[in-house]
Amino acid sequence: FVYALSFWARKMTDFAESLTDQAAEGKLYGRRQTFVETVRKTCSLEEICDQVHRNWALRNLCSVFSCFLIGYYCEGSIFNRYNGTMASTLALLMVNETSHKVEYEKSARRLVAVSMGKSLPFIIMSLLGAFPCGSKERTILQAAAVAAYVFVWTFTYYSSKMWSYVACLIGAFGISSVMQPCADGGTDEAFAVKYKEIGNVTIAILIQTFLHSMLSRHTPKQLLQSSFGELRRFLTCCFEAVFEGDLAAIESALGEAKGELSNAKHLAGECDPKLELYLGPEGPFNIDLCSSALSSCTLVLDELTMLLVAAKDWEPKKSLLAENGGLRADAEGGDDETVEGDDENVEECTSSEILDLLRSCPSFGIVKNHMLQRLRVALEVVPRMLFGDAETAINSEWYEELCKVSGAVAPAGLQGAEFLYRELSSATSSFDIENSHLTDDVRVRLTVAVRCLENSARHLCKIEERCIKEASLE
């Protein structure tokens, strides 16, 4: 904690000095540069041509265009030709870009919200119809109705976690009707028009739900299973790079792992059993085990980030972690290149004195074998229990190895860590004490690096314990 606090304080001081220097040299971003950069990112062909974005555009285009054709050609029953209610409503209720499943619960809430947003204002205006237009009573009551309508649904939007989205739609779709000018007569016809609007909106939302279901090629569970595999691969690469002393590989794998972890967390929320319309033969998804495993992976990545902080030498006025994971290896040539969007070239990361000292200790090999084995087994058993047959996973060789690894060392320990501390203490006994900055002291940085590995082992142990606990309940 003291090291992290010292690092943060030094980095903030460095950042303030860099801002002062830029202001003196006139290099600070102005409004023009900010506007140009915003437009460039908004109109980026890379973002527009992204597969996720293209799928989002296709789903919404099909649903809005289908409703437009119905409104343009259909006549009779609840449909009036040349009516744009259905298409315009869906233009405001687009499917979430990152959604990979049909959001039945959200669609039901949309139906409730839009129906109430269409009917409640009309009921309010019908009650106000008892007062003649132009009278003081009508003016005062309608003004009070507008204020109350806005206050109630705005307050609900900000205060309620469950009904926030519904309140937002009720307020948005209904406020224009509450503020409409006073008009006498036509009550029955007006009710018929509102009834048709509610019917049109209901059909539009059902069309959107159906098309979203038809155009979704993979279920969230399938995508989450793939994401777990990628996360396991990136975490393994990151730890292997630590034990090989390759800072560039650590930084690259760490950025990729954080991106994949964020994706896995989003997909896990879509796999929640309470969002399913019905449960299939495989049974409910174990969301608790999944959330626990992802939380532990988050802590492991945090420890790896701190290890990278301790391993890298301090460079004034330079970002420690490059954007989106910093350096990454080119798939074909193997050359290092900076991530697109960085204004300056990031210097190539090489092995540091900290990692070289760790690798020179014989006990570091014991730590390496234990960490890689624990990581490999823990992240292999979790997907098998989540996406496969739990009974088969329990009887597999992976689960037996998990029990052996979990029982091989105390949950609070890491094999070889005690001997590693002794060897590092002996190797650095002749080093001078750094008095100017704690973040430059070699022995402190070595201690932080080993402590990060110990904490990572603890977090992986929590995954193992959770898997064993779930297996005992089967």
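Q: How many residues apart in helix 10 are Glu230 and Arg233, and what does that spacing come to in helical turns?

A: Keep in mind that this is a predicted model. Glu230 and Arg233 sit 3 residues apart in helix 10 (residues 220–244), so about one helical turn separates them. Their side chains meet in a salt bridge, at 2.7 Å from N to O. Both ends are partly exposed: Glu230 has a relative accessible area of 28%, and Arg233 has 42%.

Q: Which residue forms a salt bridge with Arg384?

A: That's Glu380, with the closest N and O atoms 3.1 Å apart. Here the spacing is 4 residues within helix 14 (residues 363–387), again about one helical turn. Burial is under 20% relative accessible area, so Glu380 at 16% is buried, while Arg384 at 34% is partly exposed. There's a further link to look at: Arg232, Glu380 and Arg384 belong to a network of salt bridges.

Q: How far apart in sequence are the parts that Glu197 and Lys118 tie together?

A: Start with the contact itself: Glu197 and Lys118 form a salt bridge, their closest N and O atoms being 3.7 Å apart. Glu197 lies in helix 9 (residues 187–214) and Lys118 in helix 6 (residues 104–128), so the pair ties together parts 79 residues apart in sequence.

Q: Are those two buried or exposed?

A: Buried: Glu197 has a relative accessible area of 18%, and Lys118 comes in at 14%.

Q: How many salt bridges does the count come to?

A: The count is 7 salt bridges, using a cut-off of 4 Å between the side-chain nitrogen and the carboxyl oxygen.

Notes. Residues numbered from 1 in each chain as written. Predicted model: local features only at pLDDT ≥ 70, side-chain atom pairs only at ≥ 80, totals over all residues. Heavy atoms only, no water. Helix = DSSP H or I, 4+ residues; strand = E, 2+ residues; numbered from the N terminus. Buried < 20%, exposed > 50% of the residue type's maximum accessible area, 1.4 Å probe, protein only.
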